[in-house]
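Hi everyone, thanks for making time this morning.

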Amino acid sequence: MVARAFVIHVEPKSRGRAEAALRDGEARLAEAIGLTAAIHLDVVAAQVAPLARPTPATLLGSGKVEEIAQLAKAEEPEVIIVNAHLTPVQQRNLERAWNSKVLDRTAVILEIFGERAATREGRLQVELAHLNYQRSRLVRSWTHLERQRGGFGFLGGPGESQIESDRRLIAERIVRIKSDLEKVKRTRSLGRQARKKVPFPVVALVGYTNAGKSTLFNRLTESTVLAKDLLFATLDPTMRGIKLPQGTKIILSDTVGFIADLPTELVAAFRATLEEVLEADVIVHVRDAAHDESAAQKADVLKVLEELGVPPDRPMLEVLNKIDLLEPEQRAGLLARNAPKPYGERGAIAVSALTGEGIPALLATFEDAVTRDNITLTLKLDASDGSALAFVYRHAQVLDRRERGSKITLSLRIHPDDLGRFEDKFPKKAMTEQGVAG
């Protein structure tokens, strides 16, 4: 039997004008309902609770707490979801007032992450976030934990209280998980070093949860990563190699989705995973063009990227996804802007990961982004030198090929880091450097 839930979104009246213009209370309530549904709860009632000034004991004012208590008595929900961050004391007091289990926004997101984590790394990260959250709940929250255990020795003593014991056990487990995650971090670092030796540029997809990143990833890589119309459908990062239209090879990375007010516990726990974003050569911000709060979601994603420490000069492309949900005139207008332009002058690329519209322009933009600093070379080889030709096609983007007699002249583009290996492979008389590609 599915548990019944009552969802309350707390909307501060003091929200700044800029933020209020991007989001409204009803939209945030709808998102909270989506989060609740993601943990398989049946939402039987929902409302926006305006908040003029936070009350230390219960967050909401006494009048609103009593009003919700009466509604809860009528609806009899097993759990009440408060779409805000509650202190341990506020959570305890609300549970007493409403005679029901209370979960705040952080707890709900942690529940979703705990259910969706599929790999050992993902489970470790979620458990770490859970433990950090639970540790804060052990302070003045659970009074039953104040009972004491007997001490050691014949005489005994006050011993260790249950709350101290639990706090110590949680701290020890956190230390072990952090140690395991450090190993994961080193493994990822070795993987990145190996990729740099190849080297293939890394393009990382980021965006608000449910913006369609995984569907786009599947479209570009012909993969079958889980992609559903569901908040946080994908947690564990996935990487695949793809070849762009002119032959450039890249590694495409799909990452966990972001959300407004992302709990700090999760940002810290998933730092090992999100380091793939920090190390990416190009970051691709995927947006839901059909969502009413697309601009607000963009601001949330940029805020998280800033918190992660993504350098401001890191190349970032913007993709407007789900244009198939727009009116035909809007869709046509956005697609018209996809016309080829110099890399620095390109705006957002409009695509539909579902239908494939705009994908050729997106791939071309990827190629422009990862090859913007490449060097153009002219290379003359013997037509019979198969190994040299194979090396060139494996490590360079061949722009032009001309054959005259027993000689082949190739015009190609390479990354500056690859220049040394080409100089080692080919004699200088065979290779002419033409400068940085435009």
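**The open sheet and its surroundings**

Let's begin with a sheet: 6 strands form an open sheet in the order 6-7-5-8-9-10, and the pairing is mixed. Helices here (H or I, at least four residues) and strands (E, at least two) are DSSP runs, numbered from the N terminus, and two strands pair if DSSP finds at least two bridges between them. Strand 6 (238–243) and strand 10 (349–350) stand at the edges with a single partner strand each, so one side of each has no neighbour in the sheet.

A word on where this comes from. This is a predicted model, in which local features need pLDDT of at least 70 and side-chain atom pairs count only at pLDDT 80 or more, while totals for chains, interfaces and linings use all residues. Residues are numbered from 1 along each chain as its sequence is written, and side-chain values use heavy atoms, with hydrogens and water left out.

Back to the sheet, then. Strand 6 and strand 7 pair in the antiparallel sense over 6 bridges, and Arg-240 has Leu-252 in strand 7 as its bridge partner. These two strands form a hairpin with 5 residues between them, and Gly-247 in the turn has a positive phi of about 100°. On to the next pair: strand 5 and strand 7 (residues 249–254) pair in the parallel sense over 4 bridges. There, Ala-204 has Ser-253 in strand 7 as its bridge partner.

What lies in the loop between helix 7 (162–197) and strand 5? Pro-201 is found there. Pro-201 counts as buried, because its relative accessibility is 17% and buried means under 20% relative accessible area (exposed is over 50%, partly exposed in between, with a 1.4 Å probe and protein chains only). Not counting residues up to four places away in sequence, Pro-201 touches Lys-249, Ile-250, Ile-251, Asp-281 and Val-370; contact means heavy atoms within 4.5 Å. Pro-201 and Leu-252 are 51 residues apart along the chain, and their C-alpha atoms are separated by 8.6 Å.

Now for another part of the chain. Strand 3, helix 4 (residues 88–98) and strand 4 make a right-handed β-α-β unit. Right-handed means that, with the strands pointing away from the viewer, the path from the first strand over the helix to the second runs clockwise. Strand 3 and strand 4 (residues 101–104) pair in the parallel sense over 4 bridges, and Ile-80 stands opposite Val-102 in strand 4. In the loop between helix 4 and strand 4 you will find Asn-99, which has a positive phi of about 55° although it is not a glycine. Is Asn-99 buried or exposed? At 72% relative accessibility, Asn-99 counts as exposed.

Let's go inside. A nonpolar core is a set of buried Ala, Val, Leu, Ile, Met, Phe, Trp, Tyr and Cys residues joined through side-chain atoms within 4.5 Å. The largest one has 40 residues, of which Ile-81, Val-108, Val-206, Phe-258, Val-277 and Leu-305 touch the most other members. Elements giving two or more residues to this core include strand 3 (79–83), helix 5 (105–116), strand 5 (202–207) and helix 11 (294–308). Helix 5 gives the most, with 6 residues. Leaving aside neighbours within four places in sequence, Leu-305 is in contact with Val-206, Phe-258, Val-277, Val-310 and Met-316. Apart from this core lies another, of 25 residues, among them Val-286, Ile-349, Leu-362 and Val-370.

My last stop is a group of rings. Rings of Phe, Tyr and Trp (its six-membered ring) pair if their centres lie within 6.5 Å; planes under 30 degrees apart count as stacked, over 60 as edge-to-face and the rest as tilted. By this rule there are 3 aromatic pairs. One of them is Phe-391 with Phe-426, edge-to-face at 5.9 Å centre to centre and 70° between the planes. Phe-391 is in helix 14 (residues 386–395) and Phe-426 is in the loop between helix 15 (419–425) and strand 14 (431–436), 35 residues apart. Phe-391 is buried at 11% relative accessible area, and Phe-426 is buried at 5%. Together with Phe-422, they form one aromatic cluster.
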